[in-house]
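Me: I've got a model open on my screen and I'd like to learn how to read it. Can you walk me through it feature by feature?

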Amino acid sequence: MNHEDILHTGVLVLEYGEPATLDDIVPYLTAHYHGHPPSPEDIAYMRERCQRVWSGTSGDSAARRLAAALDDELRQRYGSRFQVVLGARHWHPTVADALAHLVQADIQYVLVLPLSPVASQMSLRSYQETLEHAQTEVAQPVRLHLIPDWPDLPGYRSALTINATLALERLPDRDRGRTALLAIAHSVAESARKPEAEYQWRLRQTMQRLVSTLGCGAGYLAYYGAEGPGQWLGPDVLSALDEIARAGFRHVLAVPINTVYDNVEVCYELDVRMAERAAALGLGYVRADIPNATPALIADLATLIAQMAAVFRN
């Protein structure tokens with residue numbers, strides 16, 4: 001690859017966004033609800049989740065740390081040829097703010113990297129809508145290329161396997177046949193017109209690969225985060241734990257398989273809702289760490305960015 005072919009390319013790392021302090025909760029939810037004020041119940045629930053996950057009044061952005069690590073890796077390899085910015089779909093810095101920063105730096109080509117290895121049709125529509133809206137808010141529109149997903153990235157797959165293996169070693173029972181692996185991912189809405197069969201298939205492939213590699217007794221796939229009207233993918237993570245207990249397993253290993261950075265939503269599911277339900281069911285419970293800025297993941301993301309930039313610029 002000729003590095004001169006990938007000069008001055010922007011990299012927009014696309015995250016969902018979340019509040020950083022308790023004072024951010026109301027404006028964050030207002031943005032999440034597209035300008036509609038949140039109910040007192042929603043505010044209280046979000047506040048409780050944040051406090052349980054943070055163990056305090058503020059959190060640290062794992063997405064920002066991941067983007068910074070990717071920026072460092074690209075600079076070490078290619079100098080100033082790439083400029084990495086972080087943009088949030090539902091908080092600050094907004095995607096429009098991130099693009100404006102790149103425009104000010106006279107960058108006209110921008111790769112967009114969503115922080116979800118497996119894309120759903122619902123998320124792809126949301127990415128496109130966000131990017132199209134952001135383009136209308138910048139002084140000079142840029143050429144965008146969306147990397148839709150990266151489920152087969154070796155650094156991502158190895159991080160899942162290593163973290164799940166380390167979690168299994170915390171269980172007192174070494175008989176993995178009595179441990180169920182519960183892979184979890186964010187739910188999405190689907191309908192006959194907008195099916196999500198491929199999203200489910202890819203997630204199930206990842207779950208089955210982990211079960212085979214680790215030697216667990218069985219694998220289950222469940223979802224969290226369903227909200228709003230319509231039909232959302234299930235079962236919910238708590239229903240899956242109930243099923244695992246009924247099946248006679250003694251332990252459960254929870255593995256978040258489509259999240260690469262710590263955030264309030266998934267950490268609350270893993271460390272509060274699921275941990276408490278497992279304890280109530282008498283199940284031994286461990287969960288795998290989320291990859292975050294794992295060096296192998298960052299290295300392979302940098303390689304992916306360079307490869308996509310060479311194609312994009314040509």
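Predicted model: local features only at pLDDT ≥ 70, side-chain atom pairs only at ≥ 80, totals over all residues.

Me: Is I244 buried or exposed?

Reply: The cut-offs are these: buried means under 20% relative accessible area, exposed over 50%, and partly exposed in between, with a 1.4 Å probe and protein chains only. I244 has 0% relative accessibility, so it counts as buried. You'll find I244 in helix α8; helices (H or I, at least four residues) and strands (E, at least two) are DSSP runs, numbered from the N terminus.

Me: Which residues of helix α1 are buried?

Reply: First the general idea: an α-helix has 3.6 residues a turn, so residues three or four places apart point the same way. In α1 (residues 25–32), the buried ones are I25, Y28, L29 and H32. Seen down the axis of α1, these buried residues fall within an arc of 95 degrees, so they line one face of the helix; the arc is that of the directions from the helix axis to the C-beta atoms. Their cover includes α2 (40–54). Just after α1, look for H34, which takes a positive phi of about 55 degrees.

Me: Now the sheets. In what order do the strands of the sheet with β1 come?

Reply: Strands of a sheet pair through backbone hydrogen bonds, either parallel or antiparallel. Here, two strands pair if DSSP finds at least two bridges between them. The order is β2-β1-β3-β4, an open sheet of 4 strands with parallel pairing. β2 (82–88) and β4 (143–146) are at the edges with a single partner strand each, so one side of each has no neighbour in the sheet. On average, neighbouring strands of this sheet are turned by 25 degrees against each other, direction ignored. Inside it, β1 (residues 9–15) pairs with β3 (residues 109–114) in the parallel sense over 6 bridges, and T9 stands opposite Y109 in β3.

Me: Which helices go with that sheet?

Reply: For directions, axes are lines fitted to C-alpha atoms, for helices over the stretch in contact, and angles run from 0 to 180 degrees between N-to-C directions. Helix α3 (residues 62–78) lies across β1, β2 and β3, at about 170 degrees to β2. Helix α5 (residues 121–135) packs on the sheet too, touching β1, β3 and β4, and its direction makes about 170 degrees with that of β4.

Me: What is the strand order in the sheet with β5?

Reply: That open sheet has 4 strands in the order β7-β5-β9-β10, with parallel pairing. Its edge strands, β7 (218–224) and β10 (284–287), each pair on one side only. Strand β5 (residues 179–186) is joined to β9 (residues 251–256) by 6 bridges, and T179 has H251 as its bridge partner in β9. Helix α7 (residues 197–214) lies across β5, β7 and β9, running at about 140 degrees to β7.

Me: Last one: how do I read two helices that cross, say α8 and α9?

Reply: Look at the angle: under 35 degrees counts as roughly parallel, over 145 as roughly antiparallel, 65 to 115 as roughly perpendicular and the rest as oblique. The axes of α8 (residues 237–246) and α9 (residues 264–281) come within 10 Å and cross at roughly 30 degrees, which makes α8 roughly parallel to α9. Where they meet, α8 brings V237, L238, L241, D242 and A245, and α9 brings E269, R273, M274, R277, A278 and L281. For contrast, the axes of α4 (residues 95–104) and α5 come within 9 Å and cross at roughly 55 degrees, so α4 is oblique to α5.

Technical notes:
Residues numbered from 1 in each chain as written. Heavy atoms only, no water. Contact = heavy atoms within 4.5 Å.
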